[in-house]
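Here's a quick tour of a few spots in a protein model. Have the sequence and the 3D view open as you read.

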Amino acid sequence: MIPEFEVTILGNTSSIPVHGRNHTAQVIRFGQECLLLDCGEGTQIQMRKFKVKSSKISHIFISHLHGDHYLGLMGILSSYNLSKRTKALTIFGPKGLDEIITTQFRWSNTRLSYPLHFVETNSDGLNLLLDHPRFTVHSFPLTHRLPTTGFLIREKEGLRNLLKEKLQEKKIPLAAIQNLRTGKDFLDEKGNLYSLKDYTHPLPPLRSYAFCSDTCFEPKLANYIDSPTLLYHESTFMELDAERAKVTFHSTAKQAAEIANLLKAKTLLLGHFSSRYINLEEMLNEAKTVFIQSELSEEGITYPILP
């Protein structure tokens with residue numbers, strides 16, 4: 001059975017929470033594992049509003065130290081402590097975030113009820129952060145005003161299902177079954193070959209999710225991301241304000257669509273909208289002129305990541 005892989009948008013605005021839109025935060029669910037990507041102001045309120053169980057989150061990933069991407073973090077960590085959490089929590093984030101957390105807890109004389117681990121991210125190259133039995137999380141560099149990383153969640157190959165008719169047709173050695181299930185051909189001592197193509201169902205395409213929080217137009221992303229099932233890319237501005245996007249190291253919706261084409265994405269999810277836009281349909285239309293499978297991210301909506 002294919003595990004569920006989905007992203008719930010908790011916030012999709014840029015610097016100011018306005019027009020009913022909130023700061024960047026997303027929850028990724030892969031099977032029983034829940035990850036939080038960025039944690040802007042009001043994230044835990046959004047979790048309650050959209051019935052996301054914050055207690056299930058095991059890892060938090062912070063892209064950079066602009067406030068609209070991490071100022072909700074201390075509230076969540078404090079709430080975990082007040083609710084007597086005991087499950088360990090790991091935070092991946094840029095240099096300086098550990099100092100911010102430690103300083104706040106030191107001055108509030110807080111002793112956490114749960115183990116809290118911090119892993120400093122590196123904004124150079126593709127780096128493995130989390131190696132889960134069913135998926136991996138890598139960081140990759142984005143081009144912004146501060147050291148910033150995106151995050152790439154990629155599904156691993158699961159166990160293969162054997163063809164029932166082959167099992168009924170002949171007795172297959174246990175060692176062959178074990179190899180075939182894990183994706184390996186098997187050659188027995190008599191020279192009989194049990195090949196994947198003959199004895200197993202083909203695996204469905206592996207799924208992936210790429211999160212590009214804040215970045216200017218950056219074709220070098222193709223060095224790190226290839227054919228993501230779902231690409232979230234910031235689209236702070238429309239083409240009318242392309243010069244403003246360049247000055248602030250952000251992207252337009254059209255530029256996000258160009259990146260989606262370059263990376264061969266299956267679907268593009270736009271987000272991190274500037275407060276200057278109330279209605280976002282024109283932004284979506286600009287993206288669709290370049291990449292038809294573009295969508296506006298909506299808070300409270302869960303997007304399944306399907307093969």
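This is a predicted model: local features need pLDDT of at least 70, side-chain atom pairs count only at pLDDT 80 or more; totals for chains, interfaces and linings use all residues.

Residues are numbered from 1 along each chain as its sequence is written, and side-chain values use heavy atoms, with hydrogens and water left out.

Let's start with Leu10, which sits in strand E1, residues 5-11 (strands are DSSP runs of at least two E residues, helices of at least four H or I, numbered from the N terminus). Its contacts (heavy atoms within 4.5 Å), leaving aside neighbours within four places in sequence, include Asn22, Leu36, Phe50 and Glu299.

On to the cysteines: the structure has zero disulfides (pairs of cysteine sulfur atoms within 2.5 Å). For Cys34, the nearest cysteine sulfur belongs to Cys39, 14 Å away.

Thr252 lies in the loop between helix H7 (242-247) and helix H8 (253-263). Its side chain makes a polar contact of 2.5 Å with that of Glu239 (N or O atoms within 3.5 Å, one able to donate a hydrogen and the other to accept it; residues adjacent in sequence count only if both atoms are side-chain atoms). Beyond four places in sequence, Thr252 also touches Phe237 and Met238, among others.

Here is how buried these residues are (buried is under 20% relative accessible area, exposed over 50%, partly exposed in between; 1.4 Å probe, protein chains only).

| Residue | Relative accessible area | Class |
|---|---|---|
| Leu10 | 0% | buried |
| Cys34 | 8% | buried |
| Cys39 | 0% | buried |
| Thr252 | 0% | buried |
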